[in-house]
Amino acid sequence: MKKWVKNIKWSDIRILLLCLVLLFIYSFTNKRNDSRVITDIEVLFKGGEEHFVTAEEVRDLVKNNFPKISEINRTVLDLNNLEKGVLNNDLIKDADVYLTVDGRLFVDVWQKKAIGRIIEDSKNYYLDEYGQRMPLSIHYSDRVPMVQGKVNQSNEKDLKEMLELINEDEFLRKDITGIIVESDRSLKLMSRTNNFDIQFGGFDEKEKKLKNYKAFVQYMVNENIEQNKYKVVNLKFTQQVICTK
């Protein structure tokens with residue numbers, strides 16, 4: 001017996017006891033954290049300062065799953081389900097819901113990005129960065145080109161590419177305020193600074209035509225040509241810009 005006791009490595013026993021103590025502390029802390037109720041819902045908007053939705057609307061989307069969320073034990077919360085609830089709002093692109101150890105529920109929100117506003121008969125909606133329709137917001141109106149006329153599945157892809165070219169260019173983003181889609185699929189552009197009609201033609205060669213328009217406006221500035229000198233600027237032909245007085 002004495003020999004057996006002598007062979008025991010007391011250092012191993014100390015390590016084992018330490019592990020048991022740490023396991024107890026971890027289990028106790030984990031149980032205590034799980035038993036805490038949700039004390040607050042914090043909404044953080046990512047990627048932009050202007051909000052199509054409000055923090056209160058996001059909180060309501062969360063509370064739809066748990067009306068008395070402040071009384072809910074954290075162990076019964078399904079964070080994935082809460083995220084799906086937030087994404088029910090068609091103005092929200094993505095959401096991340098997570099908990100902190102002090103019982104606060106955080107909701108990170110990424111809103112959709114509008115690239116154009118479509119007005120067609122009684123329809124009025126935004127086109128988002130993926131070419132999908134998104135509703136208007138009662139809280140914020142985005143300054144994007146306004147599109148009027150015939151918009152449908154046959155030209156939405158071309159229209160999305162056109163709007164992207166306009167929004168990605170600093171000059172065009174400030175100058176072009178609208179696009180009119182005629183029944184024959186030809187386009188007219190509306191300018192913030194110029195009064196002449198801009199005949200764009202079809203969606204073909206749209207990048208080249210927009211470059212020609214920028215070059216023409218720069219030419220007018222360089223030559224001190226008055227804006228009201230021309231009534232129509234025709235961009236249909238990519239090799240030249242035709243102006244009518």
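The side chain of S137 has a polar atom 3.4 Å from the backbone nitrogen of Y140. That side chain also reaches the backbone nitrogen of H139, at 3.0 Å. Before I go on: this is a predicted model, so please take every distance as a property of the prediction. S137 sits in the loop between β6, residues 133-134, and β7, residues 146-149. Is S137 buried or exposed? Its relative accessibility is 13%, and the cut-off for buried is under 20%, so S137 counts as buried. If we set aside neighbours within four places in sequence, S137 is in contact with F52, L91 and Y126.

Y140 comes up again in the largest pocket. The space in that pocket is about 610 Å³. The lining is made of 25 residues, and those closest to the centre of the pocket are K113, A114, Y140, D142 and V144. Which helices and strands supply at least two residues each to the lining? They include β3, β4 at 114-120, α6 at 170-175 and β8 at 176-181.

α4 runs over residues 79-86, and L82, E83, G85 and V86 in it are buried. Looking down the axis of α4, we find these buried residues within an arc of 155°, so they line one face of the helix. N80 and K84, on the other side of α4, are exposed. What covers the buried residues of α4? The cover includes α3, residues 55-63, along with β2 at 92-99 and β3 at 104-111.

Now for the whole chain. The protein chain has seven helices and twelve strands. It contains 245 residues, and buried residues make up 36% of them. Take the contacts between residues at least 6 apart in sequence: 51% of those join residues at least 24 apart.

E205 lies in the loop between β10 and α7. Its phi is positive, near 55°, and E205 is a residue other than glycine. With a relative accessible area of 49%, E205 is partly exposed.

α7 itself covers residues 206-222. Why do we say that its length agrees with expectation? At 1.5 Å a residue, its 17 residues should span 24 Å, and the C-alpha atoms at its ends are 24 Å apart, which agrees. The buried residues in α7 are K206, K209, L210, N212, Y213, F216, V217 and M220. Down the axis of α7, the buried residues fall within an arc of 155°, so they too line one face of their helix. Turned away from that buried side is a face that carries the exposed residues K211, V221 and N222.

K208 is also in α7. Its relative accessible area is 37%, so K208 is partly exposed. The C-alpha atom of K208 is 9.8 Å from that of F237, and these two residues are 29 apart along the chain.

After α7 comes N224, with a positive phi. The value for N224 is about 55°, and N224 is not a glycine. N224 belongs to the loop between α7 and β11, residues 232-234. Is N224 buried or exposed? Its relative accessible area is 68%, so N224 is exposed.

N194 is in the loop between β9, at 187-191, and β10, at 197-201. N194 has a relative accessible area of 7%, so N194 is buried. Its side chain is joined to the side chain of T193 by a polar contact of 3.5 Å. Which residues does N194 touch, not counting those up to four places away in sequence? They are D175, Y213, V217 and Q227. Two of these, Y213 and V217, are among the buried residues of α7.

That is what I have. Questions are welcome.

Terms used:
Residues numbered from 1 in each chain as written. Predicted model: local features only at pLDDT ≥ 70, side-chain atom pairs only at ≥ 80, totals over all residues. Heavy atoms only, no water. Buried < 20%, exposed > 50% of the residue type's maximum accessible area, 1.4 Å probe, protein only. Helix = DSSP H or I, 4+ residues; strand = E, 2+ residues; numbered from the N terminus. Arc of directions from axis to C-beta. Contact = heavy atoms within 4.5 Å. Expected span 1.5 Å × (residues − 1). Polar contact = N/O pair within 3.5 Å; in protein donor to acceptor, adjacent residues only side chain to side chain. 1 Å grid on protein atoms, 1.4 Å probe; cavity = no way out; pocket = protein on both sides within 12 Å on 5 of 7 lines; lining within 4 Å. Points joined across faces, edges and corners; volume = space filled by probe spheres on them.
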